[in-house]
Amino acid sequence: MQISRRKFVGLAATSSLIPLALSNGLSKNISVKVNQASENSFEPWIEIDAAALRYNAKKIAALSGNRQILAVIKNNAYGLGTVEIAKILNDFPEIMGFAVVKTEACIKIREAGITKPVLLMALANDKDEYDLVSQDIQLSIYTDDAQKRMEKLASKLQKPINVHLYLDTGMSRMGMPYHRAYPWIQTLAASKSVDIVGTFMGFTEEPDFDKEQLKRFTDLAEKAAKDGISLGKLHAASSNAVYHFPESHLDFVRPGIALYGAYPSYAEEESKKGQLKPAYSLKTRVVRVEKLRVGDSVSYGRNYIAKKPTWVATLPIGHSDGYPRESVAGAKVLIGNEVFPVIGAVSASHAILEIGDEKKVEIGDIAQLVGPDHPEVHPNAVAQAAGVSVYDILMHMNKEFPKVLV
Ligand SMILES: *Cc1c(COP(=O)(O)O)cnc(C)c1O
C-alpha cells in the first residue's frame, strides 16, 4: 500500500482549518505557527486536529454542567506544543484560561498574543514573579512567607497581586496543608497587597479519599465565607474528576488530558459517559522494508526470531522520541488500513513492525503510531498494550517533532 508523498502535501495544505503563520507571519486572528513537516521527510511529526480539540472542549463542558474550563497546557501542552495548543484553544468560548507549571510557558503564551488568564501552578522566584505579574500571569501561593513576598511584589509593581491559594488536602505534593491553612488565609485576605482570585486543590484520584479531600476543601471555604473572606473562584477537578466526581466541579474545571482526547482513568467507562476524539496523531514514514528468512532475528537482544519467512518494516522513531520501549508488549501501528505489531526491542531511534508473508508496505508509506484512525492506535489503546500510563504516551513525545495542523 503506497501512500504518495504528494498525498501528504495535499493533506497538509488543503485541510488546514486555522490560518497558519505563513511567510508574511501575520493574520487578523492570532495565527497558529507550526513548523511544517517537510513534505518528503521520513522523520516523525505530530498532526493536531483543531476540530477534535473543539469537540473535546464542548464535551468536557457538557460533562461539567456547562462550567468553564481552565485548560491545563503544562509540559508542552502534554507534548503537543504549548503555543500551538494555546492559540487554538484560545478561540473557544468554553476555555476561560490556561494553567501551566513552568514560568517559561507563561511568557511564551503571552508572547503569542494570548490575553486570557494564565495561572502558574508552581513556585517562582522573586525576579520571575515580578516578570510574570507584569505580564498579567496569576500566581499560585502556598508558602508561609507568601504574604510578605506578595507585599514586597505589590509595592514594587504598585498594584495588588492576583493570586490563587493552593491548598493541600491530601496529596502532600504542593499547597498549604489544609489543617493549618486557616490563619494563613486570614492574613492573606486581610492584606491589601493580595487579590485572591481563586483557591484550588488537586485530588489523589483515589475515589473514597477524593470525597474526604473535597470536604476538607469546602469546609475551609465555608468557614471563610462565614467570616466574610472571599476565596475567589474554587477549582479542583482534573479530567478524572470531570468524569467521576461531579460534586467537585465547583466554579470551573481544570482538565488536561481529556482536552487532547485521551481518557484519564477508565477508558471504557469514560468513553460511554462522554466520548472524546484524539486530537492528535503521531506519524512517521517507513524507512526500510525487508523479508526475513526463518531464523533471522530482530533488534538488540534478538527477542524476535522469525519462525517463518516474514516481511518487516522499520520506522524511524524510538524510545528517545517518547515511543515507549514497552510497545513490544502488544502495541500496533497503522499503515494504510491495517495495523501491524511492534516486534523486537524498540531502540533509541527505531521501531520494527511485523508485516507478514505479503509485502503490504513500501518505503515512504505513512505510519500512524498513535491517533484517531484505528481503535488499536488510540492513545489509550497504545498505553494499555504497552502497559504504560496514557500520560506517558502524550507527554514523552519528542518536543522537536514538527507540528502540522489538519
Ligand atoms: C496536571 C494537572 C491537572 C490536569 O490533569 P489531567 O489529569 O491531565 O486532567 C490539573 N491540576 C493540576 C494541579 C495538575 O497538576
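Helices are DSSP runs of H or I with at least four residues, numbered from the N terminus.

## The model

This is a predicted model, in which local features need pLDDT of at least 70, side-chain atom pairs count only at pLDDT 80 or more, and totals for chains, interfaces and linings use all residues. Residues are numbered from 1 along each chain as its sequence is written, and side-chain values use heavy atoms, leaving out hydrogens and water.

## The largest pocket

A pocket is found on a 1 Å grid over the protein atoms alone: an open set of points where a 1.4 Å probe fits, with protein on both sides within 12 Å along at least five of seven lines. The largest one holds about 460 Å³ of space. It has 24 lining residues, meaning residues with an atom within 4 Å of a point. Closest to the centre are Lys74, Met121, Arg173, Ser238 and Arg254.

Three helices each supply at least two lining residues: α3 (74-78), α10 (239-244) and α13 (390-395). The lining divides into 14 nonpolar, 6 polar and 4 charged residues. Gly counts as polar here, and Tyr as nonpolar.

## The ligand

The ligand takes up the space of the largest pocket. Around the ligand are 13 residues, each with a heavy atom within 4 Å. The closest are Lys74, Tyr78, Ser239, Gly256 and Tyr391. This shell has 7 nonpolar, 3 polar and 3 charged residues.

Polar contacts are pairs of N or O atoms within 3.5 Å. Lys74 places a polar side-chain atom 2.7 Å from a ligand oxygen. For Tyr391, the distance from a polar side-chain atom to a ligand oxygen is 2.5 Å. Ile257 uses a backbone N or O atom, 2.9 Å from an oxygen of the ligand. Alone, the ligand exposes 390 Å², and the protein buries 91% of that (Shrake-Rupley method, 1.4 Å probe).

How values were computed: A polar contact is a pair of N or O atoms within 3.5 Å; within protein, one must be able to donate a hydrogen and the other to accept it, and residues adjacent in sequence count only if both atoms are side-chain atoms. A molecule sits in a cavity or pocket if more than half of its atoms lie within 2 Å of its grid points. Grid points are joined across faces, edges and corners, and a volume is the space filled by probe spheres set on the points.
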